[in-house]
Amino acid sequence: MSLDFEDEFALFDEFLKARRHAGLTQAEVAVRMDTKPPAVARIEAGGESKKHSPSIATLCRYAAAVGCKLKIELVPR
């Protein structure tokens with residue numbers, strides 16, 4: 001089971017908003033995550049390929065790099 005398109009778009013839009021709010025470029029986030037800018041671009045694009053969806057650990061590293069904490073919650077439908 002996966003997120004529907006709208007939920008998935010909203011999730012990765014939050015990552016982009018957080019980076020912009022922190023005033024960081026993708027390259028700066030990549031340095032903070034100890035990765036390369038294309039990896040950050042893939043995260044912000046929603047993983048693009050379902051084969052390469054980011055792990056929760058990677059999303060936590062991204063969140064920390066932009067000064068946030070990742071919070072996952074279950075919400076009744």
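Mentor: Ala64 has a relative accessibility of 53% and therefore counts as exposed (over 50% relative accessible area; buried is under 20% and partly exposed in between, with a 1.4 Å probe and protein chains only). The model is predicted, so local features need pLDDT of at least 70 and side-chain atom pairs count only at pLDDT 80 or more, while totals for chains, interfaces and linings use all residues. Residues are numbered from 1 along each chain as its sequence is written, and side-chain values use heavy atoms, without hydrogens and water.

Ala64 belongs to helix 4 (helices are DSSP runs of H or I with at least four residues, numbered from the N terminus). Its C-alpha atom lies 8.4 Å from that of Met33, although 31 residues separate Ala64 and Met33 along the chain.

After helix 2 comes Asp34, with a positive phi near 60°.

Beyond four places in sequence, Val29 touches Arg19, Leu24, Val40, Tyr62, Ala65 and Val66 (contact means heavy atoms within 4.5 Å). Val29 is also among the residues with the most contacts inside the largest nonpolar core, together with Met33, Val40, Tyr62 and Val66; this core has 13 residues (buried Ala, Val, Leu, Ile, Met, Phe, Trp, Tyr and Cys joined through side-chain atoms within 4.5 Å). Helix 1 (5–22), helix 2, helix 3 and helix 4 each supply at least two residues of this core.

Helix 3 (residues 37–44) and helix 4 (residues 56–65) have axes that come within 11 Å and cross at roughly 105° (lines fitted to C-alpha atoms over the stretch in contact, with angles from 0 to 180 degrees between N-to-C directions). Helix 3 is therefore roughly perpendicular to helix 4 (65 to 115 degrees). Val40, Ile43 and Glu44 of helix 3 make the contact with Thr58, Leu59 and Tyr62 of helix 4.

Within helix 3, Ile43 is buried, at a relative accessible area of 5%. Neighbours within four places aside, Ile43 contacts Phe12, Met33, Pro54, Thr58, Leu59 and Tyr62. Ile43 and Phe15 are 28 residues apart in sequence, with 8.0 Å between their C-alpha atoms.

Terms used
Parallel < 35°, antiparallel > 145°, perpendicular 65-115°, else oblique.
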